[in-house]
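The following exercises ask the reader to work from a three-dimensional model to a written description. Each task is followed by a solution in steps.

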Amino acid sequence: MQKKLIIFDLDGTLLDTVHDIAASVNYALEQNKFPTHPVDAYYSFIGNGLDKMLERALPENHRKNEEIALMRVYFIEHYYKHSDDLTQPYAGINDLLEKLQAEGYQLAVASNKVHEGTTQLVERFFPNIRFVAVFGQRQGHKAKPDAGILNEIIALAGVEKNAVLYVGDSGVDAATAINADVDFAGVLWGFRPRTELAISGAKTFVANCDELYALLAQY
């Protein structure tokens, strides 16, 4: 069946955000006198929400709830001021979104990034795209891979699940699509390797935006 709704992950899928995220976590670590990490380490820290990322960044003997909460305060303070210093859309993303919108697809974003940070970046980098929904991690809502975020967007769009494609770069995203019973495309330009996507159940992969656009014609 032809797809009508394309839902995108944000970090590692639409936007290359790793440098700004790393800078803000490292700032929080510095403020609490903990060792920092190189940017490359954050590719494996990101993906399961802010608290889990901060937990992974902390030394093993300091991963207590109160220390994660304090790190969160410093991270948010820094990130909201510097979230787009080095962040950029991946090659071809802007053209792809504009083309899909012009062809009548409904578009949405489903991220484990804090909701306010998600909406801020989407408004900053994609001001001309009319997303049916832009959801990050919100209080009272389970993070991906729980299917709730996708199910909520699908209900808002008013489409059947077989008319949906979820696009993401991680095993978390692949598992979310499986849990929501929707088709999934794993992008190979993001934060996680193909092996992680495959282990989590992904069967369809795209190496660039042209391949993603061509994939839609196959449904």
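**Exercise 1.** Which residue in β7 is the bridge partner of Tyr166?

*Solution.* The structure is a predicted model. In it, the bridge partner of Tyr166 in β7 is Phe184. A further pair joins Gly168 to Gly186, the latter in β7. In total, four bridges connect β6 to strand β7 (residues 183-187), and these two strands run parallel.

**Exercise 2.** Is strand β6 (residues 164-168) mostly covered or mostly uncovered?

*Solution.* Step 1. A residue counts as buried when its relative accessible area is under 20%. By this criterion, five of the five residues of β6 are buried, and the strand is mostly covered.
Step 1. In a regular strand, side chains alternate between the two faces of the sheet.
Step 2. For β6, Val164, Tyr166 and Gly168 lie on one side, while Leu165 and Val167 lie on the other; both faces are covered.

**Exercise 3.** Classify Arg138 and Lys142 as buried or exposed.

*Solution.* Step 1. Arg138 is found in the loop between β5 and α7, and Lys142 also has its place in the loop between β5 and α7 (148-157).
Step 1. Arg138 has a relative accessibility of 16%, so it counts as buried. Leaving aside residues up to four places away in sequence, Arg138 touches His115, Ile149 and Glu152.
Step 2. Lys142 has a relative accessible area of 64% and is therefore exposed. From Lys142 to Glu196 the separation is 54 residues in sequence and 22 Å in space, C-alpha to C-alpha.

**Exercise 4.** Describe how helix α4 (residues 65-82) packs with α1 and with α3.

*Solution.* Step 1. Two packed helices are described by the angle between their axes and the distance between the axes.
Step 1. The axes of helix α1 (residues 18-31) and α4 come within 8 Å and cross at roughly 140°. This makes α1 oblique to α4. The crossing of α1 past α4 is right-handed.
Step 2. The residues of α1 in this contact include Ile21, Val25 and Leu29, and those of α4 include Met71, Phe75 and His78. By class, the contact of α1 with α4 holds 10 nonpolar, four polar and two charged residues.
Step 3. Helix α3 (residues 50-57) and α4 have axes that come within 10 Å and cross at roughly 105°. Hence α3 is roughly perpendicular to α4.
Step 4. On the α3 side the contact is made by Leu50, Asp51, Met53, Leu54 and Glu55, and on the α4 side by Ile68, Met71, Arg72, Phe75 and Ile76. The contact of α3 with α4 divides into seven nonpolar, no polar and three charged residues.

Notes:
Residues numbered from 1 in each chain as written. Predicted model: local features only at pLDDT ≥ 70, side-chain atom pairs only at ≥ 80, totals over all residues. Heavy atoms only, no water. Axes fitted to C-alpha atoms, helices over the stretch in contact; angles between N-to-C directions. Parallel < 35°, antiparallel > 145°, perpendicular 65-115°, else oblique. Left-handed = near helix turned anticlockwise from the far one by under 90°. Contact = heavy atoms within 4.5 Å. Nonpolar A, V, L, I, M, F, W, Y, C, P; charged D, E, K, R; others polar. Buried < 20%, exposed > 50% of the residue type's maximum accessible area, 1.4 Å probe, protein only. Pairing = 2+ DSSP bridges.
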